[in-house]
Amino acid sequence: MPSGAPLRGAGGALLPSPVLTGMVPIVFGAFLLAALTYARTARTVTGAEDLIASVSDSLRTMSGYLVMMFVAAQVIALFDWSDVGILLAVKSAAFLDAIGLTGFWAIVAFVLVTACLNLFIVSGSALWSLAGPIFVPAFMLLGMSPALSQAAFRIGDSATGILTPMNPYLFVILAMLRQYEPEARLGTLIARLSVFAAPFLVVWLAILGVFYGFGLPLGPGAHIGLK
């Protein structure tokens, strides 16, 4: 943080810095140190074989995610190769401009579209992999920054994830709920959670509207519009 600190970026800039660009190995090293310390103390890992088995078990739960990301990566690569993403972005921007749906109302429409798609594609990363290559450049053509597009996406993605039976965490919550209400069903849980979706959308859109109306930055170097 102090000016002239050795971990600042080029020219003494705070962003980007070696700390932020190297955050992945820093976090990995911290978690690895804590895990190995616990494993040796609790004697859950006595050798390299136990360590490999533990890593394999944890990765087994990621297999479904890896398969989904493989498919999403192929779709993104196909978009880049065929320029379909650029075509859809240009056509989408032209369509929004033609019907007068620009500015913050275009962001509201994107939030609502994301909220609807989130009912069928629960994984936020998978949904962003499909929506990002189209809507980010489309909004850039309308003068909006990618940071604003991602903020709008997170609002829609976070509001309706509690309403779809495709969300695996709903069944975890249902199992906990049945400890207190054995007769509770999935519909009971969704009905109770549904009352939160609309307030989430309204409040988050209001907060984003304040940032948009006053031109406040969404983060370090993340402005509402394109310079």
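How much space lies in the largest pocket? The largest pocket holds about 290 Å³. The legends below describe a predicted model, in which local features need pLDDT of at least 70, side-chain atom pairs count only at pLDDT 80 or more, and totals for chains, interfaces and linings use all residues. Residues are numbered from 1 along each chain as its sequence is written, and side-chain values use heavy atoms, with hydrogens and water left out.

**Figure 1. Lining of the largest pocket.** The lining consists of Tyr65, Met68, Val122, Ser123, Ser125, Gly161, Asn167, Pro168 and Tyr169. Helix 4 and helix 9 (168-177) are the elements that give two or more residues to this lining. By class, the lining has five nonpolar, four polar and no charged residues. A pocket is an open set of points on a 1 Å grid over the protein atoms alone where a 1.4 Å probe fits, with protein on both sides within 12 Å along at least five of seven lines; lining residues have an atom within 4 Å of a point. The volume is the space filled by probe spheres set on the points, which are joined across faces, edges and corners. Ala, Val, Leu, Ile, Met, Phe, Trp, Tyr, Cys and Pro count as nonpolar, Asp, Glu, Lys and Arg as charged, and the others, Gly among them, as polar.

**Figure 2. Packing of helix 4 (residues 63-82) with helix 7 (residues 124-141).** The axes lie 9 Å apart at an angle of about 5 degrees, which makes helix 4 roughly parallel to helix 7. Helix 4 contributes Tyr65, Met68, Met69, Ala72, Val75, Ile76 and Phe79 to the contact, and helix 7 contributes Ser125, Ala126, Ser129, Leu130, Pro133 and Ile134. These residues comprise 11 nonpolar, two polar and no charged. Helices are DSSP runs (H or I, at least four residues) numbered from the N terminus. Axes are lines fitted to C-alpha atoms over the stretch in contact, with angles from 0 to 180 degrees between N-to-C directions. Angles under 35 degrees count as roughly parallel, over 145 as roughly antiparallel, 65 to 115 as roughly perpendicular and the rest as oblique. Contact means heavy atoms within 4.5 Å.

**Figure 3. Packing of helix 6 (residues 104-117) with helix 10 (residues 186-214).** With an angle of about 150 degrees and axes 11 Å apart, the two helices are roughly antiparallel. Phe104, Ile107, Val108 and Val111 of helix 6 meet Leu201, Leu205, Leu208, Gly209 and Tyr212 of helix 10.
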